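Reader: Hi! Could you walk me through this protein model, one question at a time?

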Amino acid sequence: MNNFQILILDDDDFVRNEMAEYLQSLNIITYTAGTPSEAYGIIGTTDIDLMLLDLVLPETNGFHVLEKVKHEHPDIEVVIISGHGDMESSIKAMRLGAIDFFRKPFNPGEIYQAIERSKNYIALTRKVKEFETHIELIYKCLNKALELQFVGKSPQIKAVLELMQKVAATDNTSVFISGESGTGKELVAKGIHLLSKRKNLPFCPVNCSAFPSALFESEFFGHTKGAFTGAVNDHKGFLEISNNGTLFLDEISEMPVDLQAKLLRVLEDRKFSRIGSTKLIDTDVRIIASTNQNIHKLLDDKHLRKDLFYRLNAFEIYIPPLRERREDIPELLRFYVNHYSLRLNKKCCSIDKNVETMLVNYAFPGNVRELRNIIERALILCDDNVLKLRHFPALKTGKKMYSAAQVDGMTLNLEVIEKNAITSALRQAKNNKAKAARMLNISRQALDRRLGRLNIQSV
C-alpha cells in the first residue's frame, strides 16, 4: 500500500519517539500525538490509515478514544498498545473495533508484524468495499431499468411482482412466463434473476426465433474446433455462458423439436457436451422460458414438446396485457413522458386530459412496448409545453381506433366484444372451458381470468 500513514497516540514521550523513529526507518509516514485532543486534530486534517493507541492517556482513556475514532472515522484501523493489558481489556478493545492488541514492552519486530497484519487487513477490506460499491452501482442501474417498465399499482401487476419474489427465493426452480408480446416477459425474467441468489452471476437472454435451425445446436451447446466445416475455434454455447446464472429462452416454441429433447435431457441430468466432443460438462443453470402464443395450441400442434413444457412449467407467471390493467396507463403515461422528455431534451411538462382519456380507452395490442413507442413519437412531434391529441396522429386517423371497434356498422365497447366472443365460444364448446380456450386462442388460465373479470358463469 503506497503512502500508508500511521498515527501514534501515546503519552510516553520515549515510547512514542522510539516507535516513530523505527516506523520512519521503514519509510512509513508517521504522525505522533501525546494527547487525544492533539490526535483528533491530526485525524481531522490527515488521511490516517492506522492508529497505534495506548490505553492509558491524559484527558480520557484509550477505550473512549477508540470508540470515538471508529464512530467518526470507521475506515481508520486501530491497534491497541498497553503496558497494563489483560484478557478483559483485549476483548473489550476488539469489541469496540480494534484489529490487534499487544503489550508493552515490545520489540520492533512485534510492531512490524502488527503493522503488516493491519496492512493486509486494510487492503482486503478496501477491495471488498470497492467491489461492493461497484456491484451496488451496477444493480442500481439494473433496478432503475427494471422499474422503468414495472410502473403501476394495479392488483394484476402487484400479483406478478409477488410471484417473482417468491420464485426467486428458490434456487433451481424452472419458470414459464406467458403473456402477449410487449408485456415485459424478459423484464420479469431479469427481475427474478436479480432477486435471486444468482444475481451476481450471468443473465443470458436468448431469442429462440433469432437462430436458423442449423445453427441453433451449436449456439446452444457450443462446439469444439474442427467439429464441422467452419468451426475454426472452440466455441462456448449459451449453457456454458450462463452456467451458475440464469438462461432466459424467449419464444421457446421456436426451438427445433429435436433440440427440445436434448434440452430436456440437460435439465434432467445437469450435464451436456459440446458438438464434436464426448466430454460431459456439468451445468447449474436456472432456465426461464416464455412464449406469447397459446400454450395449448403449441402443444396440440407439437411445436412444443409436452414433456419439456411440464418440466419448464414448474412455476408459471402470467403477465396480463395492458388492456386488463388500464388503471396503470395514467401512471405509465406520466412516467414515460418524463423519461423521454429528458432523453429527447424536451420541455413538455403537462399532459392534456384528453390524451389520458384517449390512451386509457385504447386497446394497446402491442401492450407496454407500444405505449412507450407512442409516447416517444408524440414527444418528438410536440413543440410546446403541453402534450395534446394532435401529437398522436396514428391513433386518430382510423389506422388504429383507440376507443372502440366497428362491427357491422355498430360501435361496440371492447369489453362487450370480448364478452360476446367468450360466450359464443363457450356456447359452441358446450361449456367445455378447455375447448373454448383453444377456440379463442388463449390459455385455460387466461379464460378463467376473463370469466371472473367479466362475470360470466356459463351459457
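Reader: Which residues does Ser118 touch, not counting residues up to four places away in sequence?

Author: Good place to start! This is a predicted model, where local features need pLDDT of at least 70 and side-chain atom pairs count only at pLDDT 80 or more, while totals for chains, interfaces and linings use all residues. Residues are numbered from 1 along each chain as its sequence is written, and side-chain values use heavy atoms, with hydrogens and water left out. Contact means heavy atoms within 4.5 Å, and with residues up to four places away in sequence set aside, Ser118 touches Leu50, Val79 and Ile99.

Reader: Is Ser118 buried or exposed?

Author: Ser118 is found in helix H5, residues 108–149; helices (H or I, at least four residues) and strands (E, at least two) are DSSP runs, numbered from the N terminus. Buried means under 20% relative accessible area, exposed over 50%, and partly exposed in between (1.4 Å probe, protein chains only). Ser118 has a relative accessible area of 1%, so it is buried.

Reader: And Ser213, is that buried or exposed?

Author: Ser213 is found in helix H8, residues 213–221. Its relative accessibility is 57%, so Ser213 counts as exposed.

Reader: How do the buried residues of H4 fall, seen down its axis?

Author: In helix H4 (residues 87–95), Ser89, Ser90 and Ala93 are buried. Seen down the axis of H4, its buried residues fall within an arc of 100 degrees, so they line one face of the helix. That arc is taken from the directions from the helix axis to the C-beta atoms.

Reader: Which exposed residues does the face of H4 turned away from its buried side carry?

Author: The buried residues of H4 pack against helix H3 (62–72), strand E4 (77–82) and strand E5 (100–103). The face turned away from that buried side carries the exposed residues Met87, Glu88 and Arg95.

Reader: Why is the pair of Phe203 and Phe248 stacked?

Author: The structure holds 10 aromatic pairs. Rings of Phe, Tyr and Trp (its six-membered ring) pair if their centres lie within 6.5 Å; planes under 30 degrees apart count as stacked, over 60 as edge-to-face and the rest as tilted. The rings of Phe203 and Phe248 have their centres 6.5 Å apart, and the pair is stacked because their planes are at 15 degrees.

Reader: Where does Lys92 lie?

Author: A charge sits over a ring if NZ of Lys or CZ of Arg is within 6 Å of the ring centre and within 35 degrees of the ring normal. At 4.4 Å from the ring centre, Lys92 lies over the face of Phe63.
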